[in-house]
Amino acid sequence: MHLQTSEGSGPVAIQQNGEDDQQYKQKSSALPFGQDIALSSVSGPTYLTVQTLVQQVAYALSDKIFAYSPDTFDLDIAARAWRDGQEKNAHGETTGVQSMETRVGAGSIALGYMFSANFDLSKRHIPQSIIASAASLQHLRPTLDQLSLLYDVANPTALQVAAVDYAAETKTGLVTDYCSALTLAEELGMGLVSSKSAYEVQHMSLLSTLLASVLPSMHIYDGITVGRETTRVVDVLNVKSLKRTYDSVLDVVKEDLPSKRLTAEGKLAKVMLAFNAELGTEYKCFEYYGHQAPTSVMVVFGTVEASLSAQVAEALAQQDVKIGVINVRVYRPFAEEDFIEALAPTVQQITVLGQVKDQASVMDGSMTSSLYADVIAAVNFQSSSTGREPGVYDIKYARETVWTVAKMEALLRQLNTKPGESPEQGQPLKLTSSETKQYTFWDTAASGSASAPLMLGQLLSDDSSLNVAARSGHDNLVQGGVIRTDLRCSPKSIEAAYSVREADVVVVAEEKLLKDFTVVSSLKEEGTLLLRSPGWKEDEIEKKLSTPVRKAIATRKLALYVLDPTASPKASEEPELESYLLQLAFLKIARSDVYDSGLKKLQAGGDALEALAKDLDTALKRIDVPESWLTSELEENEAMPPPEDLNVNSFSAYEQEEVEPPTYLRDWATAAKGLSFKEAYGTSIALRPDLGIKTSVIHLKEHRRLTPPDYDRNIFHIEFDLGESGLKYEIGEALGIHAENDKDEVEEFIKWYGLEPEEVVEVPSRDDPDLLENRTVYQALMQNVDIFGRPPKKFYEALSEYASEEKEKVDLLMLGTGGNQEAQVEFKRRAEVDTVTFADILLEYPSAHPSFHDIVRIVNPMKRREYSVASSQKVTPNSISLLIVTVNWQDSKGRDRFGQATRYLDSLPKGAAITVSVKPSVMKLPPKSTQPIIMAGLGTGLAPFRAFVQERAWQREQGMPIGDVFLYMGARHQKEEYLYGEEWEAYQDAGIITLLGRAFSRDQPQKIYIQDRMRQTLGDIRRAYLNNDGAFYLCGPTWPVPDVTNVLEEAVVVEAASQGKKKDGQKEIERLKEEGRYVLEVY
């Protein structure tokens, strides 16, 4: 399964020829949507990251790149890929990219290369680039000092610096570091340019490379958030355009650069003038934003600082707050005259927002920021000629400071306030337009769904009318690694250097994250919360959601949805598909307008995606938020976590080495010791300890075949005595059967495979790998190892490692990887025609003979099979009933095949013990007994409706009024498949069932289905379903869903027309589905 996007909408197609496409893997957050991008694709409107653009400029214009990047920073990841792919730079050569270690003496190799005896002097004019983080600057300083002294005879040298360092003593871990570059530029006389946003970072990288023709120069940009955000940049210059612009600007200023009369500031002015003329831009060394007649201005330097303060100042100006912001684009050379020109004549106070190393420096009154010294010098210079001398103040902040809209607004309002007064409290600013949709995803980094947000971002980016921005951050110190991803979509360009605070939808893929983060606070009023919660039970909602969370959901009037992946058979069978199930759920809720097109773009092998889409009807539930949540009382010491964002302390997930726990074969003495000396061996005895759910043992009470013995379908009613098991169930729930393999087949497998049945196998628990469970080989094959189940591709691939014959090894590997078209067709034939089992494959390839402990590892565990309960415990308190059809067929070789669980159930003798567990379901009666219920069941899909009717009968016995009960049932022949027919008729005679619609498709020349019976009674459906708030249920196979739904939509349209109105039937059914009045349980 992979994501398809049209050319140019995303970085590259994710699936490469010959590669396994089952998992979308994010290569690096430094790359657009985490994926590689070709150098030739960096052109025109496309989705990119700041770091990719920086590397493109360096790669295109340089002879060599010397990169000083910590492993997870990936500052040179794209450049290395281009080098390895032999992609040509602007000079027609492959740029040399050398990844170096950051340590004492760093940079010496670059200096040595430029001044080596065998250096090609014809390349002396070609720039050299250094890519580094701010953390590397202190180690590069000695080299840069020497370079400054020798610069007249050196290559133009530009540093592309990500303003990021790791500070272990801080709460955030990763810090934004500009002060190192400011200090270095000041002390060594280097040029220093800063980018304000992703939209200008390519130009500023180019400007710094041009400025390197005057003096060694640095371009610095945010390295934590903006630097790693994937966003759409429209006017990207390709390699040829970069070279043309570079050459054109240098050609204009070639006579000025060697001039001794011009200062560095003068040469900068010439370069800026030519640069703007060539690109048609209006860049300035100092740029003003805010009120036209400010009394106070704030001077800032840095990407987030400049972007955020400019937007806030412009917004405050709309409220007539007389405040402005000056963004320092070029810090060195510091053009004092340009700075003074940027100051409005009305300015009375200048505040410098200057970064210093840490909080100790912030508190040290004797220390000032680097930027403050330059600003006060420029102000003093102009005051001597004009007599105007506004006050200059220094507000310092530490590198660990994370700027938000609220922080910046509070600061600017405070600066506009006279001493002794309190700042005006206006409405909190909203910088995003109403057209912008914002989504936030929270997940653990190890989760299979962690890649979902970026896949969705890439999918949405395929719409050329939209701009999408995607940004992720990792906090590896919480719950083994947490990842937050923000997505923004807008028809306009997006510049948002801050986390989403008013999301339309928040997706929480791990419910435990609600305990550590105030997720709900990042949602807007009446927003939507989607919670992934495996095994969701509504009666456990208070366990799943704490009181503060429930209260916050109610207070903010949030819509609450729950996605239960265990309710999806396909996702349960293939856990790697959970990410796609989550994406479909998100699209269904948040972007219904692109849901259908999204289905087409999320391509799947076989019917995987189609199955997931069908499963979504049962796996995705809207949860009613009761009013009682509003008045919930908090317990002592119970509160929401602090309203803080995730602390970004890494750019990648924590790499956990998954050491697979061993499985050992032991003799019986091992288990005997554990049983005899429980405390010494830490032994506990449990019913099916391998199962991570609560189980019970019940006993067979009745087995009654409902179809004739000579009929080709064996459908039977089976009833179990609950005894003292304590098992409780609700109507509509399913009973999970923990079946066993066939005894004869297990014994035959043990014999031909050469196993000792009584040997004890020690298997790690599925819940806790540190716990080892003991059972015999025979027990493991009977109860745990799905040796007669259907093998997936990965089994063939895993088995190939054990094959000693080369042909068998190649065959298995080709089948496992889908190496060619022939292998893919053969795998499909084996799975769908021959219906081969794990045991069949082991028999077919005798040279691949893994030991039993390896079989346990590579063969899937047996899974419970769930069947809808066909009884109400209020009516039969000590028993539980099921309706089962035996699954059996002949394969292409004429062998009899059986469904494991139905064969097991059909063979149970009376009184036999069986292990079971209860699974919740969406099939629930409406809250009021007077609400009509309309049920449509095919074959064994009648099971839950037997429970429903029993419950309605019990309610009437208790004196409750009950509403209409409609039952539409479908089968092939009445004589053979009139399941529970006598019961239905008795309930009809008793007035419980008020309409019985029987559709036996093959009992007459013209086939009649349940949708036909429904259409014949459309008036009754309109009355019960639409006028009396009825609920509709369909249970059985999926094929009648469209036809049955069409009948209901028709009822909506006809009923509306009868009232002189017009309604969209499809939308109305969707609304009823959200209200729990249209419920499907199909398979």
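Start with the largest cavity: select Ser 197, Ala 198, Val 226, Glu 229 and Glu 495, which lie nearest its centre among 13 lining residues. The model is predicted, so local features need pLDDT of at least 70 and side-chain atom pairs count only at pLDDT 80 or more, while totals for chains, interfaces and linings use all residues. Residues are numbered from 1 along each chain as its sequence is written, and side-chain values use heavy atoms, with hydrogens and water left out.

A cavity here is a set of points on a 1 Å grid over the protein atoms alone where a 1.4 Å probe fits but cannot get out; lining residues have an atom within 4 Å of a point. Points are joined across faces, edges and corners, and volume is the space filled by probe spheres set on them. The largest cavity has about 80 Å³. Its lining divides into six nonpolar, four polar and three charged residues (nonpolar: Ala, Val, Leu, Ile, Met, Phe, Trp, Tyr, Cys and Pro; charged: Asp, Glu, Lys and Arg; polar: the others, Gly among them). The whole structure holds nine cavities of 30 Å³ or more.

Next, the second largest cavity, with a volume of about 60 Å³. Select its lining, including Gln 26, Phe 33, Arg 228, Leu 454 and Arg 471. Then colour strand β19 (residues 467-475), which gives the largest share of that lining, three residues. Strands (E, at least two residues) and helices (H or I, at least four) are DSSP runs, numbered from the N terminus. By class, this lining has four nonpolar, five polar and two charged residues.

Now the salt bridges, 56 in total. Each is a side-chain nitrogen of Lys or Arg within 4 Å of a carboxyl oxygen of Asp or Glu.

Go to Lys 544 and Glu 511, paired at 3.4 Å, N to O. Lys 544 is in helix α15 (residues 541-544), and Glu 511 is in the loop between β21 (503-508) and β22 (523-532), 33 residues apart. Lys 544 is buried at 18% relative accessible area; Glu 511 is partly exposed at 22%. Buried means under 20%, exposed over 50%, partly exposed in between (1.4 Å probe, protein chains only).

Move to Arg 946 and Glu 983, 3.0 Å apart, N to O. Arg 946 lies in helix α31 (residues 943-957) and Glu 983 in helix α33 (residues 981-989), so the bridge ties together parts 37 residues apart in sequence. Arg 946 is buried at 9%.

Finish at Arg 1071 and Glu 1075, whose closest N and O atoms are 2.3 Å apart. Then select Glu 826, Arg 829, Arg 830, Asp 834 and Glu 844: salt bridges with shared partners join them into one network.

Terms used:
1 Å grid on protein atoms, 1.4 Å probe; cavity = no way out; pocket = protein on both sides within 12 Å on 5 of 7 lines; lining within 4 Å.
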